[in-house]
Amino acid sequence: MNVETGLALLNRVRERKPLVYNITNVVVTNFTANGLLALGASPVMAYAREEAADMARISGALVANIGTLDESVVESIILAGRSANAHGVPVVLDPVGAGATAYRTEAVRRIMREVRLTAIRGNAGEIANVIGEQGEMKGVDAGDTNGNDPAELVRRAAERLGTVAIVTGRHDYVSDGSVTYRISNGTPLLTAVTGTGCLLTSIIGAFAAVEPDTVAAAVSALAFYGVAAELAVDSSGADRPGTFQTELLNRLHTTGPDDLRDRVVVERLNNG
Ligand SMILES: Nc1ncnc2c1ncn2[C@@H]1O[C@H](COP(=O)(O)OP(=O)(O)O)[C@@H](O)[C@H]1O
Ligand SMILES: Cc1ncsc1CCOP(=O)(O)O
Ligand SMILES: [Mg+2]
């Protein structure tokens, strides 16, 4: 896994413009659609149980997000997820707020019993709660990690869930249980704009749509996203939340191979 792989996958996303089917939350819907368009992918949002299976079948990836869940959202995710599984469409889950309430944690478990995931992406608190460990949550945001090493957490999560796990925060981590990568791009301003985690999960879906090696797809997506965010601040001077949100969209559109070569920081860790 090297920078050249990331460039090739970014180019592939922009050439193929995969359809990314999002069952997501009401907070981030517009931002997610615009972020996917800026990247060069095609977003669609659809919630009706009646069309969930059909939409999943014709998509390049399904991204399921429980941010503002209710029973009908969970049912649509399960119908879409089963159809995606049956048709070889990758499924990425964002367990927003898992651990904040028992209902959220149980909904994630229910989805994972019914649907085979390609990857799961959350902050450290969410991923810890999904695997039944202590993880502090304040609503949808991670609390203190209480000394929980995210590199170890992501490896345990991948092993226990049997899927690629992605834990984000100051550094981002990707693991399949035997190989773990750390990506150290990004800016703390990402935490000052709602929906940056959700959009990231959808962008991981776009990369997974064009690359069957999910670890490579996820590492490439995280590195690309972090570099775009850095450039929004460093090269465009967008150092406050409002301008940063707009400039992040602009940079998702313009960030290219040379930017990645200059800035990507990815390490393979020896914790497998
Ligand atoms: N302290 C930080 N410094 C730099 N980037 C961060 C920091 N915290 C989070 N990020 C970035 O913000 C994005 C969203 O991650 P995170 O905040 O963990 O997810 P969520 O919004 O779902 O809680 C990721 O790209 C992550 O790398
Ligand atoms: C604030 C909020 N409440 C329910 S979903 C949501 C958005 C969370 O987005 P992200 O996890 O990307 O910050
Ligand atoms: Mg989130």
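Reply: The expected span of a helix is 1.5 Å times one less than its number of residues, and helices (H or I, at least four residues) and strands (E, at least two) are DSSP runs numbered from the N terminus. This is a predicted model, in which local features need pLDDT of at least 70 and side-chain atom pairs count only at pLDDT 80 or more, while totals for chains, interfaces and linings use all residues. Residues are numbered from 1 along each chain as its sequence is written, and chains are lettered from A and ligands numbered from 1 in the order in which they are written.

Me: What span should helix α9 have?

Reply: The 21 residues of α9 (residues 214–234) should span 30 Å, and its end C-alpha atoms are 30 Å apart, which agrees.

Me: How many residues of α9 are buried?

Reply: A residue is buried if 20 or more other C-beta atoms, placed from the backbone, lie within 10 Å of its own; 20 of the 21 residues of α9 are buried, so α9 is largely enclosed by the rest of the structure.

Me: Which elements supply the shell around ligand 1?

Reply: β7 (141–142), α8 (196–210) and α9 each supply at least two residues, and α8 gives the most, with 3 residues. A residue is near a molecule if its C-beta atom, placed from the backbone, lies within 6 Å of it; of the 17 residues around ligand 1, Asn123, Thr168, Gly186, Leu190 and Gly197 come nearest.

Me: Which residues are around ligand 2?

Reply: Among them are Asn25, Thr68, Val140, Gly197 and Cys198.

Technical notes:
Buried ≥ 20, exposed ≤ 12 C-beta atoms within 10 Å, placed from the backbone.
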